[in-house]
Amino acid sequence: MEYNNKQGSMLLMVVLMMMTMWSCGYSEAKLSRDFYSESCPSLFPAVRRVVQHAVAKERRMAASLLRLFFHDCFVNGCDGSILLDDTSSFVGEKTAGPNNNSVRGFEVIDRIKSKVERLCPGVVSCADILAITARDSVLLLGGPKWGVKLGRRDSTKASFSDANSGVIPPPTSTLNNLINRFKAKGLSTRDMVALSGAHTIGQARCVTFRNRIHNASNIDLSFALSRQMSCPAASGSGDNNEAALDPRSPGRFDLSYYKQLLKHRGLLTSDQVLFNGGSTDSLVVAYGYSLKAFYRDFVRAMIKMGDISPLTGSNGQIRNNCRRPN
Ligand code: HEM
Ligand SMILES: *[C@@H]1O[C@H](CO)[C@@H](O)[C@H](O)[C@H]1NC(C)=O
Ligand SMILES: *[C@@H]1O[C@H](CO)[C@@H](O)[C@H](O)[C@H]1NC(C)=O
């Protein structure tokens, strides 16, 4: 009898909690690690297998998938907006300056989404798939592991102009601009320096570093000369030629990016400004000498980045196809 009473009052509490959440419009809903544990228990292995396959085929894909999550989160929050193709009612983010001819990995996300839709139809958002995919990519290249928070929902629109507005800082950024752009998203200077460590993997195109390798004074000479061979000074020639962001180990998620900065071998201006006599020098030194410190701060910052303005509760939708609104 007493047992049943307890059950009864528990039920009442749950109902009251649900009513409170309802009246608050669900806007307080928080992301959680076990969001899909009942509704889609095989989500993690399903995602992991597709990412594994894609990365086995092309190691760089891990870098591209990690970057997709960053570019999604910085433009109106982690809402899957970067995945939307243009429609008759909006031009999306894919052709905006920071993304055009640059972001990649959409086909991998499509493959994950259709697999997940077969397993748990209408349950898992594209925004959450990006978060899980970023985590798996880092892990596959030997980086740290973390528990991803889930429960984001998908936007029904994307904005070309918002993606072009400078919220994603350009590779020519000063240190102050980087600090301010991250601060505007609730991320600290420490978060920014740790997240920049993502450039320990992947590639950049000549257009993004031409000026630095031909004109900068804070660059290692032999590094500059070797990069100039595949990225000529004349604009228009070799614009899309690629070079590794971390020349030492572009396929491993290690601390070598910071070690390279210490030697003035940062590829982008926005990389080298982190170690150029300014306030972030000490962080670059710390991460360059302690993998543990880098991993700890990177993980913390990735989770924080994943918390940027998610759509939750009854906001947004669970897209059937990541490329278009339902
Ligand atoms: C701090 C400000 C940042 C700037 C200015 C910046 C800029 C860039 C640029 C210009 C490229 C090369 C793009 C191209 O050649 O088309 C790039 C690549 C990349 N970025 Fe960043 N980035 C920043 C922060 C981040 C963050 C926070 C992450 C992820 C946590 C990230 C992950 C990557 C990865 C993995 C690549 C290589 C992608 C590939 O190989 O496909 N970046 N970034
Ligand atoms: C995107 O890149 C393509 C191919 O280089 C180019 O034709 C197009 O004009 C670019 N779009 C925008 C909006 O800049
Ligand atoms: C180097 O700097 C000069 C002067 O600002 C500029 O005119 C030139 O285009 C730059 N060269 C490259 C390759 O960016």
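Here are some numbered notes on this predicted model, going ligand by ligand and then on to a few single residues.

1. Start with the iron of ligand 1. His 199 is the only protein donor to that iron atom, through NE2 at 2.0 Å. In the fold, His 199 sits in the loop that runs between α8 (189-196) and β1 (203-205).

2. Now the rest of the ligand 1 surroundings. Ligand 1 has 25 residues around it, and the closest are Arg 60, Ser 64, Ser 102, His 199 and Arg 205. So much for the list; the polar contacts are worth a look one at a time. A polar atom in the side chain of Arg 60 comes to 2.7 Å from a ligand 1 oxygen, and Ser 64 also uses a polar side-chain atom, at 2.6 Å from an oxygen of ligand 1. Arg 205 does it through the backbone: an N or O atom there lies 2.6 Å from an oxygen atom of ligand 1.

3. Ligand 2 next. Which residues surround ligand 2? They are Thr 95, Asn 100, Asn 101 and Phe 160. By class that shell holds one nonpolar residue and three polar ones, with no charged residues. Taken alone, ligand 2 exposes 360 Å², and the protein buries 34% of that.

4. For Asn 100, a side-chain N or O atom is 2.4 Å from an oxygen atom of the ligand. For Asn 101, a polar side-chain atom lies 2.9 Å from an oxygen of ligand 2.

5. On to ligand 3. How much of ligand 3 does the protein bury? The figure is 40% of the 360 Å² that ligand 3 exposes when taken alone.

6. Asparagine side chains turn up at ligand 3 as well. Asn 215 has a side-chain N or O atom 2.3 Å from an oxygen atom of ligand 3. For Asn 211, the distance from a side-chain N or O atom to a ligand 3 oxygen is 3.3 Å.

7. A point on annotation. The unreviewed UniProt entry puts the feature "binding site" at Thr 200, Asp 246 and Asp 254. These positions span 55 residues in sequence, but no two of their C-alpha atoms are more than 9.7 Å apart, so they gather at one spot.

8. Of those annotated positions, let me pick out Asp 246. It is found in the loop between β2 (242-244) and α11 (256-262). Is Asp 246 buried or exposed? Asp 246 counts as buried because its relative accessibility is 0%, and the cut-off for buried is under 20%.

9. Last, Ser 165. This residue belongs to the loop between α6 (160-163) and α7 (175-183). With a relative accessible area of 41%, Ser 165 is partly exposed. Its side chain reaches back to the backbone oxygen of Asp 162, at 2.7 Å.

Definitions and conventions:
Residues numbered from 1 in each chain as written. Chains lettered and ligands numbered in written order. Predicted model: local features only at pLDDT ≥ 70, side-chain atom pairs only at ≥ 80, totals over all residues. Heavy atoms only, no water. Polar contact = N/O pair within 3.5 Å; in protein donor to acceptor, adjacent residues only side chain to side chain. Areas by Shrake-Rupley, 256 points an atom, 1.4 Å probe, with all protein chains shown as cover. Donors = N, O, S within 2.8 Å, 3.2 Å for Na, K, Ca; no water. Helix = DSSP H or I, 4+ residues; strand = E, 2+ residues; numbered from the N terminus. UniProt positions renumbered as here; feature names shortened; annotations may be inferred. Buried < 20%, exposed > 50% of the residue type's maximum accessible area, 1.4 Å probe, protein only. Near = heavy atom within 4 Å. Nonpolar A, V, L, I, M, F, W, Y, C, P; charged D, E, K, R; others polar.
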